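This briefing covers the surface, the fold and two selected sites of one chain. Please read it alongside the sequence and the coordinates.

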Amino acid sequence: MSEAFRLIETGGDPRIHLALTGTVLRYLDLDYRLIQRQVKEELQLDKQQIRSSGNSKAGLFESGTAEDRARIVLADLTRLEQWERDHATQSKRAGAHTNRSSLLDNQVFRQEITTIIVVLTLRCRRPTVEIQTLIQNLRAVRDPGTFIYAIVANNPTEFSPTIDTLLDSDDRYNNVKDILPQLCKLADYRTWDVRQRLVNRKVFPNLAIELTIEHCHDEIGFMNRILKGQPEWLTNSRGPVTRTSMSSIMEFVISSLNDELTSDHPDNVAINRLLRILSGMVGLMGLSLTAEQLEISLGVLEMSPAEPCTVNFKVCLILMSAAQLIKYSESRTRRILRQLLDCADSPQVLMLWIYLQSKLMPKIDEFASRALSMEIVVPRMGLMELVGFFTTLFTDKELASCALGLGRPATSSPYKTNGSNGFSAPTSAAPSTAYIASSEASELRSVSNFCVSHLLDRGVFIRSSTDVRTWVLDQIQATDVPLDDNMIPLLQAYTKAISKSDRITRIPEHDIRTFFANPCQDLTPAKVLLTLYMLLNNEVCLENLGQDSSNRNREYDATLLQYVQIRKVLLFVQEFQGGVAFKAVQPMFLKLVNSQFPELFDVSTLLLEEENKFSSSAVVQSSHSSKRGVSGSSSSTSLISTPHTTSAESSAWVETHYKSLEQHLLYPEDAIKAYYAFQRLPQADRQILAGSIVQMSLPSLLDPESDPTVMEVFKKTWDQLNSIMPHDLWAMTVDALLPRSSSSFIPLNFAATSASSSQGGGGTGPPQQKLNQQPFQQKNKDVYTFEWLVQDPLLLFKVDPRVFRTPTIFRLFIQILGAVMVGSRHWFRKQFTASQVVLNSHQNMVPIQTQKHRVFKESNLTALVYIQDSSIVQLLFEICQRRPEDIEEALAHQHQQEEAAAAASGIYSDDELPGHGHNTNRKNSTAAGPRKPPSHGKEPHLQGPISEVLKEIQIVTFNFLHQLFIDFKILPKLIHFQGYSPELLPATLAGMESLHVCMDFLHELLFATPAATSALATGPPSGVSGTPVTSSTGSMLAGGPGAGALASSSTGSIVVGDGGVVPNGNMPSAAAAAAAAAAAASSSTDLTLRLFALRLSVLVCERYPLERTQDMARKFILERMGAFAISSNYSPEVLDSAKILARAFPSMLSDIIGVLQDAYGQERQKELDDFIESVTLMTSDPALWNKSLL
């Protein structure tokens, strides 16, 4: 039949494929056109409800002629179509199978009716029903299979459409599963097509399996494809697969496995496929294996796996049938798991152990689904069995060995141990698997990192006494971008394990310095991760401070992280590949750096970097050129970095431009070109030459004749270096600004050129070997480091006094000062935490009374930091005070303008031309000029205008203090209780908007007692970090603003206290500071503070003429003004303050005069009358009233 069907389908002569030849012949020659007309007439009678019963139809069919029988069948088929058309919606909704024709269901006439239907489809030129419509209508018949089979057999082209019609019938064919196998027998070569249609529609899985077993005979391939692509089809609600069907497949799979097990040359590919099918069927259907099947399965599991994928399938089979395997043979199951654990580069069993111990059941489902390529849930009963089974299955040593052996050769390791510390350095042996640039190796490293991190967290390596330091270094070295997600958890687990046991050792500092042998070299992902490891280690050490008394729990010294140039690493993390490469680690990196190096996150510095974005991008691009790409460096860069090297560009720069820097006074254009050329050098070269640039430039730039453009270009160069190596640069800058004679100046990296370069004479550049020195080296004890500055920020004020009158350099000084202050607070906090831990650890060994005396509380630390900050603020205020040379410069500038105007009018003679004997370029004038200022004695106030240089210095200082007062709101109160020069009050109130907070404590300051003011107005501590410091507050309070000013003359001295002079560089001792503090408590100091409080109050009222300040003036200022006048012996400053208050609130003039009249009395009436006359004249101006807000 199949061959005949194929012949008809391919174009042969059609013929009836039924054994009814004699019956068929009488229906072939009928006039079907006439029959169709008769049917049409009969249907018209049906509409008039004139129809015969079903029994009469059967009788007519039995007694009628062939023509009658054909007409009756055709009429019934037409009625079925009409009824289906009219009631399709109702039938779908009801889901019922209603019989509309008893004749078609009559089994007696079934064979002849079938013949008539077939002839109708073949002979009717215009049949009343189409074939597919006919098949669709036959669903109302109780058993349509015979009809459909005959129709398709005689119409081969309708085979595929008929299959689609049957599958799209929405369950209205109850016996579709019986019809399809019959059709497949009709055309067995179309069975694969029918099965694929079942798979695509995800229906009748039993039928598909039956077709596979009986016709296709590709059970293994078919089940492998189904389980991989559509496993949910097997459990579909529409005809789900039965256990009987699956059992037949399983028997075939087990039989095939047994054949491979007994074969001399087993096919590993076939074994993998069979294991996958068996695992999927057991897991999806929950099938139980018989004893015979379990025996065969264990035999296959005991076979040595040929590849890692085989391990995957074996582990999956164990997961799916764990309870059955353990129950059948626990010893063999243990042996199989141990064998799988020892397989090279196969971490499946180790990962399963981790998941089970961590109760990560969804992870096990994910592993099985990924291995079997199907969505599957591992039976939980078996997993519960494995949890207890795995607890005693492996030793810690076996687990540690398996984890550390992933990706490593089994015979030898490419690393050898140098010295007793166990630090590993790569040898010349062939690289291991961990360094092969392939996706498989990267995935294996990722799995290895995951396993080791979890084993570290669970203490496996500690219990097995296995140190992972060398292994972690290997993993860090093998790191490439993009970073492995499991690398960060590995470093976190490693740092925590170090703090728990001495069996896990940390990476020695010496080895890290060896790795960063040249900080100027290009960065790599390995260096980034090593830096991250140090930050994580320090964080863990701070968290565990005091919990471990051993020496292992030590943080890496801050100098080490500064040595690796943490700011450069941070910039690399943020900018490399647009920030995408280290996106996962960037938030953690920023958090750790901010917590351990808060001074690096200065707002002004970050804004400058944004402005110089091009320079920053150039830094990153130059650091990762094609010659030294990161992608290749991670696999070839050894842990032992190369020494310092310089490029030909830097050598050319030294030969061409180095001499121009020291001759910038004569040739400023050449110096500008030199700085710009330096900015274009590669980053490594700029770092190497940084120390020489700073040491050569800064001292000479303090010269008042320096060109402003040269100074600005130098500042841009300094900012560029500051974004890479801030800590080193800050120390270099402060060291370069220390006072020293020009003859003793020796560049750090160019000592060989001191004879010629320092004198500005001829000579050539330094030899090349001098360029290979450290970018910043401590030559002697006087070279400051950032650690010294952090421990004592007041050391910054030992710089050359000319810095305080050179605005460009002073901006650098303020920037460094801000960073040092932030770092100092952080350093004090760390020291306090450490001291508290030590105290708590020894509290049981010290008597209670001694403990109470020795305890250093949180409040003490806060007071210490605020005293230090207030000392710095007082020194900055003293810097902002006018000096005689500032007034002289302003007067000289004013006189110069007058001379220019007179010369323009022609009143000078030829020998009296202006400019002779005068320095015309005084923009950068300093205290060490060639002309001595006139002596003013100890006048507390210096009258006259101030220079533009001092104005710029004040602006820079006040901007810095404004931000400082915002960050620390208690600091303004502390500073104003200490007091400072009253002449600065108008400038400070105008330059620092944050001083509006003074309104909150002015009433306290006005009514403060001497004891209260002395408690707040204390001098700075001396010797906080073992270095004596200057007491600025004590000197100010002792003798007023003039007496305590940081007055630097050409001799380089500092005036302290009552005028005592201390040579610059030798700070007063603790005894001197105590004497200054004692003088501050005297009555004269109390009077000075009262007058300062009065002046501050009235200036605040003038600055903020609000209702609040007016109420304060009525309640507090007027009340204290009279008392201050009497206690100050009627000081003129009281009347000056009264005039300021009247200018602020003209409506209060009568109240002010009344208070003063009560205080002054008749003996000072003349002085008071003069005041009243002047203030009345002042307040009579309408503009003053309009200016006031009240």
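The accessible surface of the chain comes to about 52,300 Å² (Shrake-Rupley method, 1.4 Å probe; for residues, only the protein chains shown count as cover), and carbon and sulfur atoms account for 53% of that surface. This is a predicted model, in which local features need pLDDT of at least 70 and side-chain atom pairs count only at pLDDT 80 or more, while totals for chains, interfaces and linings use all residues. Residues are numbered from 1 along each chain as its sequence is written, and side-chain values use heavy atoms, with hydrogens and water left out.

**Overall fold**
- The chain contains 59 helices and four strands, taken as DSSP runs numbered from the N terminus (helices: H or I, at least four residues; strands: E, at least two).
- Of the 1190 residues in the chain, 53% are buried (buried: under 20% relative accessible area; exposed: over 50%; partly exposed: in between; 1.4 Å probe, protein chains only).
- Among contacts (heavy atoms within 4.5 Å) between residues at least 6 apart in sequence, 78% join residues at least 24 apart.

**The site around L666**
- L666 lies in the loop between α36 (648–662) and α37 (668–679).
- L666 is exposed, because its relative accessible area is 65%.
- Together with L665 and Y667, L666 makes a nonpolar surface patch of about 330 Å².
- Such patches consist of residues with over 30% relative accessible area and no salt bridge, like charges being joined within 9 Å and nonpolar side chains (Val, Leu, Ile, Met, Phe, Trp, Tyr) within 5 Å; a salt bridge is a side-chain nitrogen of Lys or Arg within 4 Å of a carboxyl oxygen of Asp or Glu.

**The site around K363**
- K363 belongs to helix α21 (residues 361–372).
- With a relative accessible area of 39%, K363 is partly exposed.
- K363 and L352 are eleven residues apart along the chain, and their C-alpha atoms are separated by 9.0 Å.
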